[in-house]
Amino acid sequence: MGFVVYAFQSGQPQIKKKSSAVPQLIGVVGLEIHAQINSSTKLFSSSQVGFSAPPNSQVSFFDASLPGTLPVLNRRCVEAAVMTGLALDCTINRKSLFDRKHYFYADLPAGYQITQQRLPIAVGGTLRYSHLIGRKQGEVVTKSVRIKQIQLEQDSGKSLHDESGSQTFIDLNRAGVGLMELVMEPDMQCGEEAAAAVRELQLILQTLGTCQGNMSEGQLRVDANVSVHRPGEPLGVRTEVKNINSARFLARAIDYEIERQMEVLRRGGSVLNETRAFDFKSGQTIPMREKEGLQDYRFMPEPNLPPLMVYDSETAPPPAGTDPGQAVLIDAMRDRIPELPSARRARLVDAFGIRPEHSYTLVNEDGLTDYFEGVVRMSRAEPRKAIGWVIKDVLGLLKQRGLKVSQSPVPPHALAEMLDLLEDGRVSSSAAKTVFQELWKGTGRSPAQIVEQQDLGLVDDSTEIHRICQSVIDSHPEEVRTIRTGNRKVLNKLVGLVQKQTKGRSDPVRVRAILEEGTS
Amino acid sequence: MLRRLFWRICNPMVYARPLHRRCGVYTSPREDVLTSAQTLTGRRWTHGKPLSKEQNVQNSKVPQTPTWEPVSENQLPPPTHVPIDLVDKLERLALVDFRNQDAVVRLEKAIRFADQLHAVNTEGVEPMDSVLEDRALYLKDDRVEEGDCAEELLQLSKNTMEEYFVAPPGNIPLPERGERSATLTDSTNWAEETESKTLIGH
């Protein structure tokens, strides 16, 4: 895989260098993403949506498709789809339609799924995402993928297979939960890009609150359509990779599949149109049961649901006399969109002068932006100094302990106070690390109290510092001689020795000046 | 749907089309007929006796008297022949068992019956999904009001385990075509069987 990823990430010139005549094969990746709508009840019924409830406890008569039941659309789900569509620059269809898509699965009791095949609620959007490249991951590259459509549809129930494989247990709690299916155009070339796009989408959905976006709980499920071709030639035969439950596995599954298809073609074979599952243990994709010819879903218009209309108070107001609770207004949804991740990152870079890659870390970690802004607001230290402490020290330790930002034992105001002590020259930076470690223990003592009780303040007594410096000079005649011959680097060693004697409590700039004077 | 069409084909063969466009609820002159009960968002079909006159008046959406005129063969497109391969495909897709040649003939007749729709003048009329499509789609609040009835639902199922429904390990595939084409030529007892089961589940 090494070469392929390298070629994608470093652009065209690398590819050209390696082959003179025939252009290299490249991967083509499109994604279909199912996002569970974050709502209290299901798409067409009033039973509860929840992750780990007792089996079949969140099932209405409609969800079990008992005869005589009819679908009633959940307004919240429509609003979530409109809001998500707007956040992804989609055109919202004022009129959209519902269709039936037929399957025979035991966890789909109606024998069909209600979806939006002909006229979905949102079409033609764009997802802009960035990923970090370069040896130190210090360069941000921004790309975009077109969104073909967003459609509302029902989730299925869950099947559990017993060990002997002789029967299937059906839990319908998930049956009928609202999904937004996002269909992306095949605009990506490798697993890394796809994973970055999914991560950005996940953040956007979480910011909007339209989907909780937890991949391991199945709230965000990704299928990847993968093919390879030579640029300029028609797209190759594609395979569909399913069973991907994390962004990391997504990248690995896609890259494996691209490399597998290239290998098949290099050996003169042809790629089969098939569905493959990703096995995260072996890191391979393996063929799933072969489709019998072309799948025919026997689509038909859903006769029990008239067209879904949404309105705009300016350009297309709802008909006079419409109950306000019955009208979904596009402009009202637009007004409810909060600051999106990309805007937030731009603002952080702009307002605080931090590096772009740091803005990614702040936005990616739930609550970290608020934490950082809190520290900056309460401290006199420059934001650029605060960011290092927030990312390296606070986040570093949180990750090590598996804690969330909200669970940090060091609250923003304590870190701010500590930064002020540092800013005012009352502690050295090494003593500050000790203060931070004490704060992390969560004893409730303030930074100032810690400095005082553990005697961590800078040694301010001029005679004392001079005395220590002189003793270091006296005990290291060899080094002093070297310094006098012009090798200034050795001075740093003496500064370090003084710091050691003062347990990091002396101001290095001041110590250096004294030592310079004493050795000249 | 197919079953309803089959049923109608059993009636004396009169090609007819409604006089008024958009009121195509078919009621046969016979006693035992299909009647439709419409709701705001959908309709349910039930077998039964026709509604009494009083009941019919209450539901203005159902035409009160059938109005028909014959459609001659030359107004229809050429009849559709259903090849055995297509029968096989339909059986697999819809899990419908045609069982024998008679059933295929009936399917062709059903298609022929539906061919009359081609004779309806629809010029200038937008295709419709439902006669109710100009009604507003009702939206419900996102408030929990149903569920918590696992016991009630599970007792409807023949086979349960703890709080789960139990199903076979996967879809049971239809027998291979070779085995089935033998039965397709055998046309006995079809009429009785189709009354009890036209659609088979899995």
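How many bridges join strand 13 of chain A to strand 14 of chain A, and in which sense do the two run? Three bridges join strand 13 (residues 239–244) of chain A to strand 14 of chain A, and the two run parallel. The model is predicted: local features need pLDDT of at least 70, side-chain atom pairs count only at pLDDT 80 or more, and totals for chains, interfaces and linings use all residues. Residues are numbered from 1 along each chain as its sequence is written, chains are lettered from A and ligands numbered from 1 in the order in which they are written, and side-chain values use heavy atoms, with hydrogens and water left out.

Helices (H or I, at least four residues) and strands (E, at least two) are DSSP runs, numbered from the N terminus. Two strands pair if DSSP finds at least two bridges between them. Buried means under 20% relative accessible area, exposed over 50%, and partly exposed in between, with a 1.4 Å probe and protein chains only.

- The bridge partner of A:Lys242 in strand 14 of chain A is A:Ala277.
- Strand 14 (residues 275–279) of chain A is largely enclosed by the rest of the structure, because four of its five residues are buried.

- Seven of the seven residues of strand 11 (residues 178–184) of chain A are buried.
- Both faces of strand 11 of chain A are covered: one side carries A:Gly178, A:Met180, A:Leu182 and A:Met184, the other A:Leu179, A:Glu181 and A:Val183.
- Strand 1 (residues 26–36) of chain A pairs with strand 11 of chain A in the antiparallel sense over five bridges.
- Strand 8 (residues 139–154) of chain A also runs antiparallel to strand 11 of chain A, joined by seven bridges.
- A:Leu179 is the bridge partner of A:Gln36 and also of A:Glu153.

**A three-stranded sheet in chain A**

- Strands of chain A in the order 6-5-16 form an open sheet of three strands with antiparallel pairing.
- Strand 6 (112–115) and strand 16 (300–301) of chain A stand at the edges with a single partner strand each, so one side of each is left without a neighbour in the sheet.
- Four bridges link strand 5 (residues 99–102) of chain A to strand 6 of chain A in the antiparallel sense, and A:Ile114 is the bridge partner of A:Arg100.

**Helix 10 of chain A**

- The end C-alpha atoms of helix 10 (residues 383–401) of chain A are 26 Å apart, which agrees with the 27 Å that its 19 residues should span at 1.5 Å a residue; the expected span is 1.5 Å times one less than the number of residues.
- A kink of about 30° in helix 10 of chain A is centred on A:Leu395; the bend at a residue is the angle between axes fitted to the seven residues ending there and the seven starting there.
- Buried residues of helix 10 of chain A include A:Pro383, A:Trp389, A:Asp393 and A:Leu398.
- Their cover includes helix 7 (341–352), helix 8 (356–364), helix 9 (368–378), helix 11 (412–423) and helix 12 (429–440) of chain A.
- A:Gly402 follows helix 10 of chain A and has a positive phi, near 65°.

- Helix 11 of chain A has 12 residues and reaches 16 Å from its first C-alpha to its last, close to the 16 Å expected.
- Among the buried residues of helix 11 of chain A are A:Leu415, A:Met418 and A:Asp420.
- The buried residues of helix 11 of chain A pack against helix 9, helix 10, helix 12 and helix 13 (447–453) of chain A.
- Just after helix 11 of chain A, A:Gly425 takes a positive phi of about 75°.
- A:Ser359, found in helix 8 of chain A, counts as buried at 1% relative accessibility.
- Not counting residues up to four places away in sequence, A:Ser359 touches A:Arg345, A:Leu348, A:Val349 and A:Ile354; contact means heavy atoms within 4.5 Å.

**Chain B**

- Chain B has seven helices and seven strands.
- Of the 202 residues in chain B, 30% are buried.
- Among contacts in chain B between residues at least 6 apart in sequence, 70% join residues at least 24 apart.
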